[in-house]
Amino acid sequence: MKIRVNIIIWFVLCFAFAKAQNIPVDNSQSLNAAIKKAVPGDTIIMADQEWRDIDIKFKSNGTADKPVVLRAQTPGKVKLTGSSSLRIGGDYLEVHGLWFDGGDTGKNNVIRFEADSDTPARYSRLTNCAIIGVGPEQRDITSYYVALHGKNNRVDHCAFLGKTNKGPTVAVRLKNGADNQHRIDHNYFGERIPLGFNGGETIRIGTSTYSMESSRTIVENNFFEKCNGEIEIISIKSGNNIVRNNLILESEGTITLRHGNNNLIDGNVIIGNNVPKSGGIRMINKGNIVQNNILIGIKGKEYRAPLVIMNGIPNTELNGYHQVENGIIQNNTIINSAPVALAINSRKGADAAPLNTKFLNNLFYSNDRSLVAAAFGDVTGIHMDGNVASTFVIQDFKGIKTIDFKMTAVNGIAVPSREFDSLLVGVKTKPKVRVDATGTLRSNLRAGAVVPGNFKPPLALVSEAGVSFISIAEMRAIAEKVSEVVVKVAPGERTLEKAIKNTIGPTTIILEEGIYSLSKGNKIANEITIKGAGIDKTFIKIAENVEKTPQYIFRMDGSKSLTVQDVSIDGANEGNDAVKYAFTSPNNATTQVYNLFVHNVRLDNFNNSDGGAVYKAYKGTKADTISFSNTHIKNAFRGLNLSYEKSSDGKYNAENIMIFNSSFTDIEEFAINYSRKGKELGTTGGNLLIDHCVFYRVDDSEKGRIIKVQGIENVSIKNSIIDNSRNTESIIQLKGANQKIENCVIYNSGKVKITGGASDNNILRTNPKWGSLESFSLKSNSELLNAGTDQKNIGLIK
C-alpha cells in the first residue's frame, strides 16, 4: 500500500513540474496547438518576426499564482500586421510585448477580452503591447483597439496611436455583468485626429444601455496626448468609476461624466497649452465628485470649458442628459484658462438646472484679465464657498473671493507660494479631501489642488506610461505617418466633392481614369493630396447644366497643405462664365500658413475676365510655399495673382513661389504677379524661382507685364523661354541686387528692364525652333538643346 501511495505522489509531482513550460512557437499552427495544450504556469513565446493575418484565440485558464502567459520573444519584435487580431478568454491569462503595426481588421476589434460569447476574460492582463495605425480605410466602420469584457482585467503600460475610424480606442463593455472592476493604467494614448462625428472617444466605460449600473473601473496614471477624436476623451457611461492621476496634454475634448452616478475624477493634470478647443471636465448625472484636478491653459468654451456643469432634460431617456444632483466640485486649480461653464444647456429643452451641487475650495489664477465663470442658466442649485481667485480674474459670484497671491512654477506646474497659505483658507467639505494632487496629506483646509508651498510634482506627472520598446518621442514621429488616410474615389458627378467634404485629418484621395464632375467649389479644411491616373486620363470638370458657376475649384480653408497631381482641370462651363479661380488662399485674413503643390497638372479655360486667375491669394493670407511643377496652364485670364497687399508695411502673400518645368499659354494678362509695397522687417521679403519654363503669348499688350515682382526680395528666372508677346514693351522689370534673369530666351517679345543692381546674364534672342506648340518640344536643330545651366534644354524638359 505504501509503495502504491509513493507511486501516485511521484506521478503527481511529475505532472506538476510538467505544467511550467516555456513553449516557443513560430507559426499559427504551432501557436494554436500550444494554446490548446497550455496548463497553468505555461509561457507561450512567439518568435520575433512578422505575423500577418493571424487571428489568435487565446482561450485557456491559469491560476492566480500560475497564469498562462502569451508573450513576444523580444518585446516589440513580434509584429502583427494585416488583419491580425487577438481574443483573450478564460481566467488568469497574460499577454506581453506584442506590437500590432498597421493593417486593417475591418469591423473586428484588434484585441478583445472575450474568446467567444460564452468565454469572457477574468483576472487577465494585457501589458507592454502596442497598437499603432490599425483600422479600416472608411471612418464610419466601428471597431475598437481594445474591448474589455468580463471582470477584473487590466490593461497597463501599453501604447495606442493613430486610430482614425469610429469607435473608442479602449471600450469597457458591461454586457457580461456589472462591477467588472477593470484597471486601465500607465498607458500612452497618442494622437487621434478628429473623427468628425460622434464615436471618437479615447476611453469609454459603459454605454447608455448599462449607464445606471456600476462598472467600478479605474483609469489611472495614463498619458493622453492630442486625443482629438471628439469632445469626450474619457467618456463615463456607468457608475462608481475612478479616473485619477492622468496627464492630458493638448487634447480637444473633456473627461465627460456623460451617464452614470457616483464617479470620482481626482488628481488629473490637464494642460491645454492654449489650444483653442482644449477642454477640462464635464459633469452630468448624480453624486459625481471632481476634486484635486489641475487645469492649465484650457481655452475651450462652453461644453469644452475647464469645468462644466450641464443642465439636464426632464424625464429624459437613458441616452439623454440627466439632471446634475448632489455633485461636488472641490479643491481644483484652474490657471490661465477660459471661464468655467455653469448650468449650460445640452440641447433644446434642457432646462433641468443643477440641484444640491457644491462648488468648494477651487483656486483660480490668471496672468491677465479673464472671467472665472459664466452662468448660462439657473445656478441657484450650485452652492459656492471657499473658492479663491487672483486679482486679475473677474468674477461676481458669491462664494468666490478675490485675493492678491502669487504662484511659483515648479515641475512645469504653478503652485501657490507658502507665504500666502493663510490667505487661501477653505471651508469644510464632505467627503474630506485628505491628500492633494501630489499625494501629500492635507493638514489644513486650503483652496486648490496643491497645498501652498508643496513643490512635489503631482502624481500625474511622475507615472511612466507607455511601452518599453518605443519611446513617446518616437511615437510622436510615427503619429505623422499613421494619421494619413487613403481614399479611392470613382469617377462621376460630385464623387470628388463628397470625398473632400468627408475628410478628417491628412488624406490622400486616389482618382481613377475618367471624369469627375463638380457642381460647386471645394473648401480644403484638412491636409489633402489628390492623385489622378495621369494628365490625359483623369479629368476634373464642371458638371453639365450647372447654372451657377462655382467661383473656385479649390479654396484653402484651414488646411496646412493641398497637393494636386496627375489630373486635368477645366474651368469652362458651357453657356456660362468660366470658373474664376482654380485655386485660392483662404478668402479672409488668417494666421494659418498653408502650402499648395501642383504637379503634372493641365489647367485649361480659367478665362473669366472678371478678375479671374488660376491662383489667387486674398489680402491678409500667407503661404509658405506655392509650387507649380510639370504643369501646363492654357487659355486663362491671369496666372498666379498675389497682388492684393496694398499697405505700406511690406506684407506679402507667400514666402516661396517655385515654378518649374511648366508652361503658360494664351494668358490675357500676367503669368505671375507677386508683389508687395514697403518693407517688412525681419522677413526675407519673398522668394521667386522660375526654372525651365515657357511663356507663350502672355499679356500681349503694350503696357503688359509677363512677370510682376514689385518689392519682392529674391527673384531668379533661368533656363526659360518667353515667346510671342509681340506687343509687350517691357515684359519683366527687375530691381535690386537679389533679382536676376539668366540663360533665358526672349523671342518676338519686349525687353527686360534692369535697375537697382539687378542682373541679366546670357539673354538670347534666338528662335527656339519649336517642334510642337502643344508640348513645346524643340526641333533637333534648336540651339537650346542641352544649353541650360544644368546641361538640360532651355525651356521644358522631360
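Tutor: Happy to! Let's begin with Asn180, whose relative accessible area is 0%. Keep in mind that this is a predicted model.

Student: Is Asn180 buried or exposed?
Tutor: The cut-off for burial is a relative accessible area under 20%. Asn180 has a value of 0%. Asn180 therefore counts as buried.

Student: Where in the fold does Asn180 lie?
Tutor: Look for strand β18, residues 170-172, and then strand β19, residues 183-185. Asn180 is in the loop between β18 and β19.

Student: With which side chain does the side chain of Asn180 make a polar contact?
Tutor: Start with what touches Asn180, leaving aside its neighbours within four places in sequence: the contacts include Gly150, Lys151, Asn152, Val172 and Ser215. Thr217 is in contact with Asn180 too. The polar contact between side chains, at 3.4 Å, is with Thr217.

Student: Moving on to helix α2, which of its residues are buried, and why do they line one face?
Tutor: Viewed down the axis of α2, the buried residues lie within an arc of 100 degrees, so they line one face of the helix. Gln29, Lys36 and Lys37, on the other side of α2, are exposed. The buried residues in this helix, which spans residues 28-37, are Leu31, Ala34 and Ile35.

Student: What covers the buried residues of α2?
Tutor: Several strands take part in the cover. Among them are β1 (22-25), β2 (43-46), β3 (50-52), β4 (55-59) and β5 (68-72).

Student: At the start of α2, which residue has a side-chain oxygen that reaches to the backbone nitrogen of Gln29?
Tutor: Look at the start of the helix, where a side-chain oxygen comes to within 3.1 Å of that backbone nitrogen of Gln29. The oxygen belongs to Asn27.

Student: Along strand β12, which side chains point to the buried face?
Tutor: The side chains of β12, residues 119-122, alternate between two faces.

Student: Which strand pairs with β12 in the parallel sense, and which in the antiparallel sense?
Tutor: Asp91 has Arg122 of β12 as its bridge partner, and Glu114 stands opposite Pro120 of β12. β11, residues 114-116, also forms a hairpin with β12, with two residues between them. Each pairing runs over two bridges: the parallel partner is β7, and the antiparallel partner is β11.

Student: How many disulfides does the count come to?
Tutor: A pair of cysteine sulfur atoms has to be within 2.5 Å to count as a disulfide. For Cys129, the nearest cysteine sulfur is that of Cys158, 5.0 Å away, and for Cys744 it is that of Cys693, 9.3 Å away. The count comes to zero.

Student: What is the relative accessible area of Cys744?
Tutor: Cys129 counts as buried at 2% relative accessibility. Cys744 is buried as well, and its relative accessible area is 2%.

Student: To finish with the whole protein chain, what percentage of its residues count as buried?
Tutor: The chain has four helices and 75 strands, and its C-alpha atoms fill a box of roughly 115 × 75 × 50 Å along the principal axes. Its accessible surface is about 33,100 Å², with 47% belonging to carbon and sulfur atoms. Of the 798 residues, the buried share is 57%.

Notes. Residues numbered from 1 in each chain as written. Predicted model: local features only at pLDDT ≥ 70, side-chain atom pairs only at ≥ 80, totals over all residues. Heavy atoms only, no water. Buried < 20%, exposed > 50% of the residue type's maximum accessible area, 1.4 Å probe, protein only. Arc of directions from axis to C-beta. Contact = heavy atoms within 4.5 Å. Polar contact = N/O pair within 3.5 Å; in protein donor to acceptor, adjacent residues only side chain to side chain. Pairing = 2+ DSSP bridges. Areas by Shrake-Rupley, 256 points an atom, 1.4 Å probe, with all protein chains shown as cover.
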